[in-house]
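Dear colleague,

I am handing over the structure below, and after it I set out what was found. Please have the sequence and the 3D view open while you read.

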Amino acid sequence: LLSKNVVTVLKLSHNAQKLLNLPKLPCLVNGSGLLTQPGAILKCLAGSSQYTKILENVTPLGKAEIDQWLSFLAQRDYAVTDAAAIKTLNGHLQTRTFMAANNVTLADLGTYPAVHQWMVGASAEERLAHCNVTRWFDHIQHLPGISKAVGHLTTVDIHTDPVPAAAAAGSANGNAAAGGADKSKGAMVNGVADQAKAKAKKAAKEDKKKERAEKKAENSNNKAPERPVEDVTRLDVRVGQITKVWQHPEADKLYCEEIDIGEEKPRQIASGLVPYVPIEQMQDAMVVVLCNLKAKNLKGFPSHGMVLCASSADKSNTELIRPPPEAKIGDRIAWEGLEGEPDEVLNDKKNPFSKVQPDFRTSTDKIALYKDHRFMTPSGPCFCDSIVGGTIS
């Protein structure tokens with residue numbers, strides 16, 4: 001019985017179950033042991049079937065959604081019959097063909113028999129009011145193999161639902177007044193049906209709105225403190241090497257550079273250094289680059305980053321900030337005693353660089369500092385050639 005190749009579903013009478021001191025049935029026995037939870041049984045059977053990839057191989061979000069709906073069913077003993085639960089399903093299925101993915105999954109296979117009892121007992125008006133559940137249920141019950149797999153469940157003939165009483169009465173009165181005109185009857189029935197659908201759609205929309213408001217309030221309560229704009233660790237600063245440099249054809253003060261910062265392709269960056277640094281000193285220079293600025297066009301040249309430089313107090317001299325000789329291309333710059341991950345792209349409106357840059361300076365020994373924190377690579381601090389007490393930008 002416990003062979004890996006044999007799966008047995010036990011269904012015993014209540015007395016036999018009590019006599020043998022067994023858990024609530026049905027249960028499933030396979031090579032891993034005894035399973036008693038319907039959700040676990042569903043997953044086990046799906047894992048043993050030829051359709052495992054279809055039933056379970058969805059996105060991580062889809063898998064989480066499947067678990068959520070299996071939990072929803074378990075809380076109701078796999079019998080979804082109360083109005084609130086049906087309303088929840090109806091809202092969820094408003095824009096979906098299946099419960100948790102673009103194909104049938106365990107969420108659909110678990111929900112279908114759980115909803116069957118309600119669908120059998122529901123009136124035509126109730127089915128129409130919950131048209132999303134009705135549509136989904138009818139789709140699932142007619143999928144190939146479903147009727148064979150759940151042969152103990154009857155197929156619910158939804159397409160022969162009688163016209164709701166209110167529509168029939170209105171139609172009869174309309175026929176009498178119009179001498180039995182079929183068009184009037186059809187218009188009346190369709191009008192009532194449209195009103196019911198609109199009402200159901202509005203209710204589902206209200207439910208979604210309420211759910212979003214509750215989730216927003218919950219997220220607001222659980223939200224971590226917002227990261228300060230003036231956090232220097234939000235900057236992505238790396239070691240790079242200028243592999244190509246030329247003067248901008250339309251701007252006298254701009255160099256155009258291609259800089260290797262350890263990515264697949266060199267970064268294109270424009271720097272206003274023509275008056276300060278000869279082009280021969282720019283070529284092949286090891287530099288320090290601010291990498292997560294938003295890309296901009298400078299005189300038609302797409303620039304994506306900034307080469308950091310030190311400037312004297314009177315702005316008469318500007319020099320490159322350099323990494324230590326042992327530094328490697330792509331090494332990330334950190335600041336001593338400070339920790340944090342850089343932003344992917346700095347926000348233009350609340351730009352951390354503009355907040356922290358006034359505290360960038362060079363020390364008496366020409367080391368690059370943020371306040372009193374050194375610009376550090378894994379090989380040592382960054383520096384400039386001669387500027388003492390200068391600014392960095």
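**Salt bridges**

The structure holds 12 salt bridges, and please bear in mind throughout that the model is a predicted one. One of these pairs is formed by Arg 234 and Asp 343, whose closest N and O atoms are 2.9 Å apart. This pair links distant parts of the chain, since Arg 234 sits in the loop between α11 and β4 while Asp 343 sits in the loop between β13 (334-335) and α13 (352-356), 109 residues apart. With buried taken as under 20% relative accessible area, Arg 234 counts as buried at 15%, and Asp 343 counts as buried at 16%.

Another salt bridge joins Asp 372 and Arg 361, again with 2.9 Å between the closest N and O atoms. Here Asp 372 lies in the loop between β15 (368-370) and β16 (373-377) and Arg 361 in strand β14 (residues 360-362), so the pair ties together parts that are 11 residues apart in sequence. Asp 372 counts as exposed, at 63% relative accessibility, whereas Arg 361, at 32%, counts as partly exposed.

Salt bridges that share partners also join Asp 236, Arg 238, Glu 263, Arg 267 and Arg 332 into one network. Within this group, the side chains of Glu 263 and Arg 267 meet in a salt bridge of 2.9 Å, taken from N to O. Glu 263 counts as partly exposed at 33% relative accessibility, while Arg 267 counts as buried at 11%.

**The sheet**

Turning to the strands, five of them form an open sheet in the order β6-β5-β4-β7-β10, with antiparallel pairing. β6 (267-271) and β10 (306-307) stand at the edges, and each has a single partner strand, so one side of each is left without a neighbour in the sheet. Further in, strand β4 (residues 237-247) pairs with strand β7 (residues 286-290) in the antiparallel sense, over five bridges.

With kind regards

Definitions and conventions. Residues numbered from 1 in each chain as written. Predicted model: local features only at pLDDT ≥ 70, side-chain atom pairs only at ≥ 80, totals over all residues. Heavy atoms only, no water. Pairing = 2+ DSSP bridges. Helix = DSSP H or I, 4+ residues; strand = E, 2+ residues; numbered from the N terminus. Salt bridge = Lys/Arg side-chain N within 4 Å of Asp/Glu carboxyl O. Buried < 20%, exposed > 50% of the residue type's maximum accessible area, 1.4 Å probe, protein only.
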